[in-house]
Amino acid sequence: MRFGILFGPPGIGKGTIGKVLSEKWNYPIISTGDVLRDSVKEATDIGKKAEIYMKKGELVPDEIVFEALKEKIGQQNSKPGILIDGFPRNINQAIMLDRIFKNDDKIVVLNFVASDSVVIERLSLRRICKNCGAIYHLKNIPPKKEGECDVCGGELIQRDDDKPHVIARRLEVFRNETKPLLEYYSKKYKVITVDASDNLEKIIKKVEEHKLWE
Ligand code: AMP
């Protein structure tokens with residue numbers, strides 16, 4: 001099985017880029033943020049716990065997120081590859097994930113980089129569909145009809161954690177806990193660094209210029 005770990009700060013575009021790659025390659029994408037948001041929406045036990053952390057821009061406890069991820073990965077074992085967005089977020093999670101990889105799995109880390117100002121702008125102008133989770137950007141990827149999802153007609157909203165004070169905390173958590181993982185990964189797996197400041201088309205082209213799985 002091929003695993004592509006989408007790595008980078010919140011707001012850099014992992015969800016948007018991942019969706020395009022997922023459709024091109026026919027690899028499902030598992031986003032732990034989406035899984036948690038669904039649990040919050042459904043008010044499950046996990047959702048109720050997770051919401052407390054998510055609202056503040058803090059990481060949800062590792063065990064909770066990992067169990068949810070493991071279940072999703074288990075449902076995809078007939079696929080040739082899987083893209084993972086939003087996991088791991090710290091060293092402990094990376095170790096947990098390593099344990100479920102098998103010897104013949106091929107792992108590539110796609111490391112997306114951009115300046116803080118690009119990331120903050122993307123987070124502030126991001127809107128998502130309340131119903132299906134589709135992602136928009138008010139300037140770069142606007143919906144055809146204002147406030148309405150192109151896919152399902154659902155209402156477009158700003159995520160609670162895309163509000164300015166929470167954004168600052170999420171970026172801090174990324175810098176302190178998640179970014180150090182790059183060093184861990186560069187010793188273990190192939191890490192491809194792609195500048196994500198460009199438009200989506202160029203980013204995809206840059207990703208595909210690499211021989212990812214060889
Ligand atoms: P995201 O959609 O990836 O930006 O995630 C939104 C929020 O969900 C994060 O700010 C965390 O509170 C939580 N979350 C998502 N993935 C993880 C993870 N791997 N570990 C802990 N918390 C997570």
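R169 is partly exposed in this predicted model, with a relative accessibility of 25%. Its side chain meets that of E58 in a salt bridge, with N and O 2.8 Å apart. This pair links distant parts of the chain: R169 sits in helix α7 (residues 164-178), E58 sits in the loop between α3 (45-56) and α4 (62-74), and 111 residues separate them. E58 is also partly exposed, at 29% relative accessible area.

D34 is partly exposed at 38% relative accessibility, and R37 is partly exposed at 23%.

K130 and E155 form a salt bridge between two loops, with 3.7 Å between the closest N and O atoms. K130 lies in the loop between β5 (126-129) and β6 (135-137), while E155 lies in the loop between β6 and β7 (156-157). The pair therefore ties together parts 25 residues apart in sequence. K130 has a relative accessible area of 48% and is partly exposed; E155, at 46%, is partly exposed as well.

| Salt bridge | N to O distance |
|---|---|
| R169 and E58 | 2.8 Å |
| K130 and E155 | 3.7 Å |

The count for the model is 18 salt bridges. Some of them share partners, and R126, R159, D161, D162 and R170 are joined in this way into one network.

How values were computed: Residues numbered from 1 in each chain as written. Predicted model: local features only at pLDDT ≥ 70, side-chain atom pairs only at ≥ 80, totals over all residues. Heavy atoms only, no water. Salt bridge = Lys/Arg side-chain N within 4 Å of Asp/Glu carboxyl O. Buried < 20%, exposed > 50% of the residue type's maximum accessible area, 1.4 Å probe, protein only. Helix = DSSP H or I, 4+ residues; strand = E, 2+ residues; numbered from the N terminus.
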